[in-house]
Amino acid sequence: MRDRLLALIAGLLFPLAFAPYDLWPLLLVSIGASFWSLRHAPSAREAMLRGWLYGLGLFGFGVSWVHVSMHDYGYMPLWMAIPFTAVFAAFLALFNSLAFYASWRLGRSALAFAGCWLLIDWFRGWFLTGFPWLYAGYALIDTPFSPLAPLGGVWLLTLSAVLLSAATVECAQAGRPRWTATASILVILVLTTVSHALSFTRPAGPNQKVALVQGNIPQDLKWQLSMRERTREIYQDLTAGIPAGHLVIWPESALTEFYQTLTDFVEQEGQLLADRNSGFITGIPWRTLGDTGVTYHNSIASIPLTDDAGQERVYHKQKLVPFGEYVPMQSLIRGLIPFFDLPMSGFTAGSPEQPNLSALGHTIAPFICYEILYPELVAQRSHGADALITISNDAWFGTSAGPLQHFQMARMRALETGRWLLRGTNNGVTAVIDHHGKVVDELPQFTRDVLYSHYQPRTGVTPFMATGVWPWLLVSGLLILAGWALRMKSPT
């Protein structure tokens with residue numbers, strides 16, 4: 001019972017390493033304590049239970065903000081929203097349970113534990129469209145370990161955090177061989193030290209001025225028909241005062257009507273800005289009529305929409321949020337409860353073959369809200385791009401930790417690719433992040449304002465952009481094989 005409680009408490013400590021708490025040393029404490037609990041498990045079944053308890057604490061606390069969108073904006077009663085969130089956390093905890101079970105079976109060594117952890121994290125990131133949230137490496141973005149990100153992305157940071165924590169615990173175990181654990185710690189520390197001297201991207205031109213408009217329209221009003229005209233006025237008024245020469249960015253679904261309905265208004269705004277030597281990018285819903293009927297997209301467009309070659313400058317979101325942007329098995333569950341009928345929950349995913357956007361002579365890789373969390377997607381689309389842009393509407397989650405966790409994870413994409421990231425949101429956090437993942441400028445949450453800043457176009461390819469996750473999956477496999485070959489009996 002004591003070790004089960006330790007596993008649960010260790011899981012509860014894990015989210016404290018992330019925004020808004022930022023107590024990153026607790027990440028190492030959490031992982032180390034979970035490994036200690038695993039090593040003392042008397043059976044694989046017990047290890048699986050402890051892993052599930054660890055995951056339950058981790059996700060039960062770490063994603064508890066999910067109930068806000070269900071209750072406050074999905075009209076689900078609190079007595080239903082909280083259990084739904086608990087079930088979601090309990091499901092996610094199964095991934096940790098699987099990692100603990102595999103680690104126990106493969107020898108309970110730090111090597112096998114780290115390898116299994118990373119493989120299961122990667123699996124969680126794509127299974128059933130994936131939930132790539134709260135990877136351990138994100139908590140290290142403001143630490144001396146952060147220069148590892150251009151080498152191996154959040155995956156290398158995660159692997160390093162888990163291996164360093166588990167190896168330290170293994171070194172402290174009396175009467176056990178310690179050379180593999182000691183060697184693992186030394187390799188991580190040497191690689192981290194060397195990475196500080198490496199640089200993979202370089203400036204590709206002069207700085208570009210940017211203006212990010214944060215409309216701060218309350219989520220409970222945003223989708224009302226009576227709010228449409230007022231929404232247009234808010235963004236129009238905020239944009240009118242922006243000086244010439246800026247790239248102007250409106251957030252995700254800044255306008256809640258389809259582009260095809262608002263073509264004249266949007267194109268007029270774009271032309272007014274173009275007349276002042278400015279560019280214009282906006283999030284906007286999109287409607288397409290094809291041979292198979294009408295499809296809807298969550299989109300971001302560079303206005304004027306058509307470039308000199310006659311190509312439409314629009315990107316349709318690829319990674320959709322289940323129940324938020326599409327409803328799985330919708331023919332069966334639509335209408336059961338209001339949460340399954342949220343506004344704009346009938347989108348279709350865009351094609352992976354879409355080109356990046358262009359504005360003011362720059363090529364910009366676009367990402368909408370949730371899809372900035374997919375490391376490989378961002379790395380692939382960053383080739384040939386001068387900068388990254390992500391637009392979001394985190395108002396669904398109110399004043400909870402969710403939007404701040406999202407912002408922290410978005411910053412990692414700038415660090416991994418060596419590109420500046422422009423982040424426009426409805427109510428925060430609107431910010432400009434440099435190629436080191438550092439915040440250059442930001443607006444306070446829940447304010448209506450324009451963020452004036454700049455970004456530096458950059459070129460070059462980081463190792464992570466070139467290789468993605470695959471080298472680190474291979475390393476994880478090798479760690480598991482090494483741990484199995486050198487397996488030790490669990491201490492009693």
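L134 is placed in the loop between α6 and α7, with helices (H or I, at least four residues) and strands (E, at least two) taken as DSSP runs numbered from the N terminus. Phi of L134 is near 60°, a positive value in a residue other than glycine. L134 is also buried, at a relative accessible area of 2%; buried stands for under 20% relative accessible area, exposed for over 50%, and partly exposed for what lies in between (1.4 Å probe, protein chains only). The model is predicted, with pLDDT of at least 70 needed for local features and 80 or more for side-chain atom pairs, while totals for chains, interfaces and linings use all residues. Residues are numbered from 1 along each chain as its sequence is written, and side-chain values use heavy atoms, leaving out hydrogens and water.

**Backbone**

- N277 likewise has a positive phi, of about 60°, although it is not a glycine.
- The loop between α11 (263-274) and β4 (279-290) holds N277, which counts as exposed at 61% relative accessibility.
- A cis peptide bond runs from A19 to P20, with omega near 5°, and P20 lies in the loop between α1 and α2.
- The peptide bond from G428 to V429 is cis as well, with omega near 5°; V429 belongs to the loop between β10 (421-425) and β11 (431-433).

**Aromatic rings**

- The whole structure has 28 aromatic pairs, counted for rings of Phe, Tyr and Trp (its six-membered ring) with centres within 6.5 Å; planes under 30 degrees apart are stacked, over 60 edge-to-face and the rest tilted.
- One of the pairs is F14 with Y54, edge-to-face at 6.5 Å centre to centre and 85° between the planes.
- Because F14 lies in the loop between α1 (2-13) and α2 (25-39) and Y54 in helix α3 (residues 44-62), this pair ties together parts 40 residues apart in sequence.
- Both F14 and Y54 are buried.
- The ring centres of Y21 and F61 are 5.9 Å apart and their planes meet at 45°, so this pair is tilted.
- Y21 is in the loop between α1 and α2 and F61 in helix α3, so parts 40 residues apart in sequence are tied together here too.
- Y21 is partly exposed at a relative accessible area of 36%, and F61 is partly exposed at 27%.
- A cluster linked by ring pairs contains F14, F18, F35, Y54, F100, F113 and W117.

**Charges over rings**

- The charged end of K222 sits over the ring of W223, 5.9 Å from its centre; the criterion is NZ of Lys or CZ of Arg within 6 Å of the ring centre and within 35 degrees of the ring normal.
- K319 has its charged end over the ring of Y374, 4.7 Å from the ring centre.

**Salt bridges**

- There are 12 salt bridges in the whole structure, each a side-chain nitrogen of Lys or Arg within 4 Å of a carboxyl oxygen of Asp or Glu.
- D3 and R50 form a salt bridge whose closest N and O atoms are 3.5 Å apart.
- This pair links distant parts of the chain, with D3 in helix α1 and R50 in helix α3, 47 residues apart.
- D3 counts as buried at 9% relative accessibility, and R50 is buried with a relative accessible area of 6%.
- R2, D3, R4, E46 and R50 are joined in a network of salt bridges.
- D142 and K438 meet through their side chains in a salt bridge at 3.5 Å, N to O.
- D142 lies in the loop between α6 and α7 and K438 in the loop between β11 and β12 (439-442), so the pair ties together parts 296 residues apart in sequence.
- D142 counts as partly exposed at 44%, and K438 is partly exposed at 36%.
- D394 and R423 form a salt bridge with the closest N and O atoms 3.1 Å apart.
- D394 is in the loop between β9 (387-392) and α14 (402-417) and R423 in strand β10, so parts 29 residues apart in sequence are tied together.
- D394 counts as buried at 3% relative accessibility, and R423 counts as buried at 0%.

**Cysteines**

- The whole structure has zero disulfides, a disulfide being a pair of cysteine sulfur atoms within 2.5 Å.
- The sulfur of C116 is 19 Å from the closest cysteine sulfur, in C171, too far for a bond.
- C116 is buried, with a relative accessible area of 5%.
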